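Here is a short note for a colleague who is opening this entry for the first time. The points are numbered and can be checked one by one against the structure.

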Amino acid sequence: MTLLLLQAAPDLPRAADYLRILPELVLCVFAMVIMVIDPLLDEKSSQRTLSTIGLIGALAALAATLPQAHSPGFAFWSMVKVDAFSIFFHILITAIAAVVILMSYEYMATQQIRAGEYYSLILLGAVGMCLMSSAVELVLIFIALEISSISTYVLAGFRRRAAISSEASVKYFLLGSFATAFFLYGVALMFGATGSTSISVIAQSLRAENTSTLAFAGIALMFVGLGFKVAAAPFHIWTPDVYEGAPAPVVALMSTGPKAAVFAVLLRVLFEINAPGRLGLIWVTAALSMTLGNLSALVQHNVKRLLAYSSIAHAGYLMMAYAALPANGIPAVMFYTATYAAMNVGAFAIVSHLAGAGERYVTIEDYAGLGRRSPLLAAALSIFLLSLIGIPMTGGFFAKFYVFSAAFQNSLTGLVIIGVLNSAIGAYYYLRLLVVMYMKEGGQEIPIAPTPLALHAALAISIAATLYLGILPGRVIEFASQSVRDLTQ
Amino acid sequence: MNVHDLDPVILSLITFTPLAGAILLLFLPRRDREIRWFSLGISLLAFVASLHLPVHFHRAEPGFQFELDKAWIPTPNIHYHLGVDGVSLWLAVLTTFLTPLCVLISWRSVNERVKEFFILLLVLETALIGVFVSLDLFLFYFFWEATLIPMALLIGMYGHGRKIYAAVKFFLYTMIASMFMLAAILWLYAKTGTFDFIALQRAAQAGQIPDFPSAAGWLFLGFFVAFAVKVPLFPFHTWLPDAHVEAPTAGSVLLAGVLLKMGTYGMLRFNLGLFPLQARANAGWISVLALIGIIYGALVAMIQPNLKKLIAYSSVSHLGFVVLGIFSFTAAGLSGATFVMLAHGVSTGGLFMLAGLLYERRHTYEIREYGGLATPMPVYSATFMVVMLASVGLPLLNGFIGEFLVLSGAFQSRPLFGILGATGVIWSACYLLWMYQRVFFGQVRNAVNAGLLDIDGRERTALWPTAVAALVMGVAPLLWLNSIEPSIHSMLVPFTQVASKVVGQ
């Protein structure tokens, strides 16, 4: 390993190399600033100051994608590649981080959790996620995956006084490490089969010779590890428990950010390597995730668990695109991750606002009469739910549309039919929440705190993104289509 | 400025005026009185704008007019393509005609969450008009689905009794059915790369769509299921009575008056327009279902103890006529079907408003609670009589013309269907007249009813337009038919070609 690196890397890194990981650097710097400042502040003022620094950090990283986008190419001995594809995910992930920080401020204050390293962990997690999308070398991908995972393990346990949160953290950590071990094992086998950990070299050597059993096994093991991270069935068991226990804003982050990054890695692993025998794997995973996710969601009473199962189902829809041809599948995946991020972050922003101190109000019944008592919040949540159903005019519709039509064009009619039926099942449980909000009256009314400015901003961004992707998806899908070239030379 | 400068944008103007109004309403303070007047103004504005269509429509021309075709989204290739022919023109006007009446009829009956009610009503109007004027399949599907949400919310938030059950049932039935249509639309797009109705029709007729002959049967069914549930055709009708009975009056009016027509319009435009061969092949069993709907709907209506349920089942019966007419493939049948759509919209819309007024006064739809209402409410009774007779199909009122044309079309294609369909006219006279007798004639049996107030000025303003329209449509049907018929004839061109081919062989 070391030998290989040395052979390929006779020079020291150049300045352009640093430019190509500028967003990651910015995020790191701000994360460290937060950690240094934290002990200097008293608890009261720390919330506001640290969240502001965190927000500025995320926005600065978002801005840093601009110079990064202007210098596409390889960096650090061909371990990092900046192209339209990785820029897309950098923008997406830093935006998610910014919105999550916006909604966290109020949440941390209500839950009376000392913010401290919370914001720096979000930024560090974003570093890992960003790096995952631009890494083209399996070991670097593994490291990035670990950076992102470890941050989220800790974040999941941030409601320190709640046992359920610690349980979530431990569960996530144990199962997550197990899954990363699978991934690493797969990388090792791949290295054995092809003699390299660089994705482009692996792709070349697999194209050149007959695929060995070792390579098959390597792909399968990597798929298991990544499948766990995106909560695709049958590797989804951890999801509901972790989502239920973890703080709501953290769930917003981990159901969108790391997922988007891992979907990006899956795109590289499956499409760029042109993984042999991927069709069967994906067919089964997609069909299982959609069906199990939707059916289990039908019987949930806890909104967070409901959204957890919904996120499993959505991972299933997304997986369908991996069985399509690259030209249609890649943009479909990218569009879907962006849309899912917009609507899911938005939905969790409302869930975390309504949850109140100690996350007491998270059952469906608690939402009764919301349409009357807080029309704006109810309307916002309706938009996200309608988008999750896939009603036209919202991003969720086009997301499903691109995925289904990509699958159609690869003659996966069976899978499309399963997907369509599942969308119908899915409509039911989202609808249930809508019905409760507008048509039921609460027995005991839960307190609704006034919405602070930051939450308004978070919701406005999410709604704008959901509607923009639903009404004018053209520019985003075109940008995503550019990356087809990046992944399939 | 010439009025014809408006031609390309008029459809967008009509479609989005209500939506713009709804958005403005969102920011208005919650002062119920002002909100009502504002909604009335907006819906009247849309109505006035929509009058531009029949006035400037070139009646002799069969094709689409007032067209606007702009690229909207590059991938997938979606166009913002609007246009109307003689059929959709009148359906759009019907929508704008009924909405102001809905606003008026909800003036007092909606007291809570008034702002939300009118926002939903206006959004619904936009979606309904959109369905009729879209010529891009995607745009059509978008508006089609968009009607669901406001309608379901109107039923669920402002309905009575088991309103949530009714709303969810309505939503799921129609949503699941339209998934099949979406699949068919996606298939067409995957093979042709376009959603444009006109381009697809041309490609299908020229045989340029790969695999079309083998898949067309399934595609036909995909569209048909979505439309049949909406119509609703027997046996897909079970959501309708629930939805109607629990819906608020305005919801019922738009549901019966316009929403159901989306289904029959869809059959006319897409099932016949894109799949003429398959339509002919499937016409037999579809006509049988339509006949079952006519007779079964009428019989069930007859035994209903609930006034609103009676009207709801009468809709099942009347819409059966429309389907029967469409699948007769004759000029008379299709023109008649279109005319029944309009007539039913006016008269059943009127009946639901009348029933709603009674409910406002007595909070019940049970027929046996009433009796002898002609004494305390003479004007109401007279209005009810006119609208009811229009629905029965009395000559000189609008119901007669359409049903007559449909039946003569059915006779031309299959005499037995014509005969069976004709019994439906008799049944409808039975259940409506019997109902009228029980509610209005005789002595006032229930003392509460003696003190009922007759309709006031606002209620008259809401009701009389439907009665007047029923009369005008019955006396001068040519005003409508002379723009409907050219479009119908052009729709029938592929059928006459098919027929001549069959004869030639």
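Where in chain B is the place of D211(B)? The first point below takes this up, and the others follow from chain to chain.

1. The model is predicted. D211(B) is found in the loop between α8 (197-206) and α9 of chain B. Its phi is positive, about 65 degrees, although D211(B) is not a glycine. D211(B) counts as exposed because it has 9 C-beta neighbours inside 10 Å, and the cut-off for exposed is 12 or fewer.

2. H363(B) also deserves a look. This residue, not a glycine either, has a positive phi of about 60 degrees. H363(B) lies in the loop between α14 (331-362) and α15 (378-392) of chain B. H363(B) is exposed, as 9 other C-beta atoms lie within 10 Å. As background, most residues other than glycine have a negative phi, and most peptide bonds are trans.

3. In chain A the bond from A233(A) to P234(A) is cis, with omega near 5 degrees. P234(A) sits in the loop between α10 and α11 of chain A. In chain B a cis peptide bond joins F234(B) and P235(B), with omega about 0 degrees. The loop that holds P235(B) runs between α9 (212-230) and α10 (239-246) of chain B.

4. I237(A) lies between α10 (213-229) and α11 (238-245) of chain A, in the loop. Is I237(A) buried, exposed or partly exposed? I237(A) is partly exposed, since 14 other C-beta atoms lie within 10 Å. I237(A) and I312(A) are 75 residues apart in sequence, and their C-alpha atoms are 9.8 Å apart in space.

5. On chain A as a whole: the secondary structure comes to 22 helices and two strands. The C-alpha atoms fill a box of roughly 70 × 60 × 40 Å along the principal axes. A compact globule of 489 residues would have a radius of gyration near 23 Å, and the 21 Å of chain A agrees with this. Buried residues make up 60% of the 489 residues in chain A. Of the contacts in chain A with a separation of 6 or more, 82% are between residues 24 or more positions apart.

6. On chain B as a whole: there are 20 helices and two strands. Its C-alpha atoms fill a box of roughly 70 × 55 × 45 Å, taken along the principal axes. For 505 residues a compact globule would have a radius of gyration near 23 Å; chain B has 22 Å, which agrees. In chain B, 59% of the 505 residues are buried. Residues 24 or more positions apart account for 81% of the chain B contacts with a separation of 6 or more.

7. One helix pair in chain A can be described in detail. Helix α15 (residues 303-322) of chain A packs with helix α20 (residues 413-439) of chain A at an angle of about 160 degrees, and their axes are 11 Å apart. That angle makes α15(A) roughly antiparallel to α20(A). The crossing of α15(A) with α20(A) is left-handed. From α15(A) the contact uses L306(A), A313(A), Y317(A) and M320(A), and from α20(A) it uses L415(A), G419(A), N422(A), G426(A) and Y429(A). By class, the residues of this contact are six nonpolar, three polar and no charged.

8. What is the angle between helix α11 and helix α13 of chain B? Helix α11 (residues 249-274) and helix α13 (residues 307-326) of chain B pack at about 15 degrees, with their axes 11 Å apart. The two helices, α11(B) and α13(B), are therefore roughly parallel to each other. Their crossing is right-handed. In α11(B) the residues A256(B), L260(B), T264(B), M267(B), L268(B) and L272(B) meet S315(B), L319(B), V322(B), V323(B) and I326(B) in α13(B). Nine residues of the contact of α11(B) with α13(B) are nonpolar, two are polar and none is charged.

9. The last point is where the chains touch. The contact takes 23 residues from chain A and 26 residues from chain B. On the chain B side, the elements that give two or more residues are α5 (137-146), α6 (148-158) and α7 (163-192). α7(B) gives the most to this side, with 13 residues. The side of chain B that touches chain A has 21 nonpolar, two polar and three charged residues.

Key:
Residues are numbered from 1 along each chain as its sequence is written. Chains are lettered from A and ligands numbered from 1 in the order in which they are written. This is a predicted model: local features need pLDDT of at least 70, side-chain atom pairs count only at pLDDT 80 or more; totals for chains, interfaces and linings use all residues. Axes are lines fitted to C-alpha atoms, for helices over the stretch in contact, and angles run from 0 to 180 degrees between N-to-C directions. Helices (H or I, at least four residues) and strands (E, at least two) are DSSP runs, numbered from the N terminus. Angles under 35 degrees count as roughly parallel, over 145 as roughly antiparallel, 65 to 115 as roughly perpendicular and the rest as oblique. A crossing is left-handed if the near helix is turned anticlockwise from the far one by less than a right angle, and right-handed if clockwise. Two residues are in contact if their C-beta atoms, placed from the backbone, lie within 7 Å. Ala, Val, Leu, Ile, Met, Phe, Trp, Tyr, Cys and Pro count as nonpolar, Asp, Glu, Lys and Arg as charged, and the others, Gly among them, as polar. A residue is buried if 20 or more other C-beta atoms lie within 10 Å of its own, exposed if 12 or fewer, and partly exposed in between; C-beta atoms are placed from the backbone. The radius of gyration is taken over C-alpha atoms; the globule rule is 2.2 Å times the number of residues to the power 0.38.
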